Structures are given as C-alpha cells and as structure tokens.
Amino acid sequence: MSKQINIQTRPGRGKEIEADRWVKKAQKADTATSEKTKRLTVDIDADLHRRLRLHSVQNDVPIANLVRQLIGQHLEQTSQDLNGL
C-alpha cells in the first residue's frame, strides 16, 4: 500500500517566488544591455545638494543622470581645452 502526500507551497510564497523571478529577469536585462558601472561617492555641502535636488526635480531628471551628464560635459570640455594648447 502506497500513500501519496501532496505538499503545497506555503500560502503567499508563490507570489514571492514570482517576484523573485521578475527581479532576477530585470537584473539580467539590465546587465545585458548596459555598460559596467562603478559607484562614486562624493561629499558635497548641504546648499549645493539642495540646489542639485531642486534642479533635478524642476527638470524631471534623476540626480544620478544629471551628475553623470555634468561630469561627461566637464571631461569633454577639459579634453577640448587640452587639445587646443
């Protein structure tokens, strides 16, 4: 005589598994299409941070994107200045 036991997932766990799959899928898509990145930490004074945050909100641009854009522009300008010497 064999007894069959059906084991079910815990209530609610199925949704968590789906969420985990969704997050992992999104992470794979991000790494597949984007360049490798490095984290940069910079301390700035409170007034500059407030102005940066305000500019970000007024222009609907995330602060990280704004900082990346400004750094890129500065480096481009600097390299043009150096090439002109």
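These notebook entries record what I looked up in the structure.

**Entry 1: the model**

I noted that this is a predicted model, in which local features need pLDDT of at least 70, side-chain atom pairs count only at pLDDT 80 or more, and totals for chains, interfaces and linings use all residues. Residues are numbered from 1 along each chain as its sequence is written, and side-chain values use heavy atoms, with hydrogens and water left out.

**Entry 2: the chain**

I found three helices and zero strands in the protein chain; helices (H or I, at least four residues) and strands (E, at least two) are DSSP runs, numbered from the N terminus. The order of elements from the N terminus is α-α-α.

I then looked up burial. Of the 85 residues in the protein chain, 4% are buried. Buried means under 20% relative accessible area, exposed means over 50%, and partly exposed lies in between (1.4 Å probe, protein chains only). The chain exposes about 8800 Å², of which carbon and sulfur atoms supply 54%. Accessible areas come from the Shrake-Rupley method with a 1.4 Å probe, and for residues only the protein chains shown count as cover.

I counted two salt bridges in the structure. A salt bridge is a side-chain nitrogen of Lys or Arg within 4 Å of a carboxyl oxygen of Asp or Glu. Side chains of opposite charge can pair when their charged atoms come close.

Arg50 and Asp47 meet through their side chains at 2.7 Å, N to O. They are separated by about one helical turn because they stand three residues apart in helix H2. Arg50 is partly exposed, with a relative accessible area of 42%.

Asp47 also forms a salt bridge with Arg51, with the closest N and O atoms 3.7 Å apart. Asp47 and Arg51 are four residues apart in helix H2, so about one helical turn separates them. Through shared partners, the salt bridges join Asp47, Arg50 and Arg51 into one network.

**Entry 3: the loop between H2 and H3**

I next examined Asp60, which lies in the loop between H2 and H3. Its phi is near 55°, a positive value in a residue other than glycine. Most residues other than glycine have a negative phi. Asp60 counts as exposed because its relative accessibility is 72%.

Val61 lies in the loop between helix H2 (46-58) and helix H3 (63-83). At 25% relative accessibility, Val61 counts as partly exposed. Leaving aside residues up to four places away in sequence, Val61 touches Ser56 and Leu66; contact means heavy atoms within 4.5 Å.

**Entry 4: the nonpolar patch**

I found a nonpolar surface patch of about 600 Å², made by Leu40, Val42, Ile44, Leu48, Val67, Ile71 and Leu75. Patches are made of residues with over 30% relative accessible area and no salt bridge; like charges are joined within 9 Å, and nonpolar side chains (Val, Leu, Ile, Met, Phe, Trp, Tyr) within 5 Å. H3 supplies the largest share of this patch, three residues. Leu75 lies in helix H3 and counts as exposed, at 54% relative accessibility.

**Entry 5: the largest pocket**

I recorded a volume of about 660 Å³ for the largest pocket. Of its 15 lining residues, Leu40, Ala64, Val67, Arg68 and Ile71 are the closest to its centre. On a 1 Å grid over the protein atoms alone, a pocket is an open set of points where a 1.4 Å probe fits, with protein on both sides within 12 Å along at least five of seven lines; lining residues have an atom within 4 Å of a point. Grid points are joined across faces, edges and corners, and a volume is the space filled by probe spheres set on the points. H3 gives the most to the lining, with six residues.
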